[in-house]
Amino acid sequence: MKLRGVIAGVMLVPSVAMAWPWSTDMMNQPNIKPQEGTMAPFPTRSIPIQGLGPLVANREETREMVNPISATAESVKEGRVLYKIYCATCHGTTGNPADAPVGGKIGAIALNDDYVQQTMSEGWIWGTITFGSYVMPSYGVPRAREDSRGSNDLSVEERWHVVNYIKHGMVKDHAARTAAAK
Ligand code: HEC
């Protein structure tokens, strides 16, 4: 009986101890709690944890974007792999939709011709991949199109790798492929 009383007493100690005037709670520190005070503005050039998501709202705004990833051999190689997975079914293995199973039927444009190679900006190609086009689905922003056709399968960097492949590897690949077929 006596022992039980002691145990019960000991078990009460922690809760009582917290109530002493000198006991403090680790939570109460001189820092700013969530929702407390005015939120400090983000430092300039800070980046969201998801990375540099599309900083643009639509394809129009991508036209002048500067490609941040230089067209190194690695980037072009990565872009080639992604292009074959995501684009070749419609635009052809090396940019000619006539080589693609469905490209000609749905009006996919040639990517290895002068229009894309000389005239189209890298930003616009990135923007087309990101937001899709009239028929083409989007690969960077799900539901970017009115009919909700699209995904976010390709990261920001992956889309630039594809751009690098189109601008710096595709024409060479197409020439090699055409030569091999002869
Ligand atoms: C489902 C078929 C399909 C796939 C897959 C596809 N495209 Fe397209 N793409 C099209 C069609 C069709 C057009 C032309 C009509 C339009 O603009 O929607 C086009 C147009 C384009 C244009 C030209 C846009 C313009 O302003 O004229 C570019 C650049 C392009 N695609 C790049 C790509 C890249 C890069 C990929 C892979 C990430 C890709 N496409 C995947 C069907 C596709």
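Ser75 is buried, with a relative accessible area of 3%; here buried means under 20% relative accessible area, exposed over 50% and partly exposed in between, with a 1.4 Å probe and protein chains only. The model is predicted, so local features need pLDDT of at least 70 and side-chain atom pairs count only at pLDDT 80 or more, while totals for chains, interfaces and linings use all residues. Residues are numbered from 1 along each chain as its sequence is written, and side-chain values use heavy atoms, with hydrogens and water left out.

Ser75 belongs to helix H2, residues 73-86. Its side chain makes a polar contact of 2.8 Å with the side chain of His161. A polar contact is a pair of N or O atoms within 3.5 Å; within protein, one must be able to donate a hydrogen and the other to accept it, and residues adjacent in sequence count only if both atoms are side-chain atoms.

As for the overall fold, the protein has eight helices and zero strands. Helices (H or I, at least four residues) and strands (E, at least two) are DSSP runs, numbered from the N terminus. Of the 182 residues in the protein, 30% are buried. Val56, in the loop between helix H1 (2-18) and H2, is buried at 14% relative accessibility. Val56 and Thr130 are 74 residues apart in sequence, yet their C-alpha atoms are 9.9 Å apart in space.

The metal site comes next. His91 (NE2) and Met136 (SD) coordinate the iron atom of the ligand at 1.9 to 2.1 Å. His91 lies in helix H3 (residues 88-91) and Met136 in the loop between helix H6 (122-131) and helix H7 (156-168), so the pair ties together parts that are 45 residues apart in sequence. Donors are N, O and S atoms within 2.8 Å of the metal (3.2 Å for Na, K and Ca); water is not among the atoms, so sites may look incomplete. The six donor atoms around the iron atom subtend angles of 86 to 179°, which makes the arrangement octahedral. Six donors count as octahedral if opposite donors are over 155 degrees apart and all others between 65 and 115. For comparison, ideal angles for six octahedral donors are 90 or 180 degrees. His91 is buried, with a relative accessible area of 11%, whereas Met136 is partly exposed at 24%.

Around the ligand there are 23 residues, of which Cys87, Cys90, His91, Ser133 and Met136 come nearest; a residue is near a molecule if one of its heavy atoms lies within 4 Å of it. H3, H6 and H7 are the elements that give two or more residues to the shell around the ligand, and H6 gives the most, with three residues.

Finally, the loop between H6 and H7 also holds Arg143 and Ser148. Arg143 has a phi near 65°, a positive value in a residue other than glycine, and is exposed at 62% relative accessibility. Ser148, likewise not a glycine, has a positive phi of about 60° and is partly exposed at 42% relative accessibility.

Note on methods. Four donors count as tetrahedral if all angles lie between 85 and 135 degrees; four count as square planar and six as octahedral if opposite donors are over 155 degrees apart and all others between 65 and 115; anything else is irregular.
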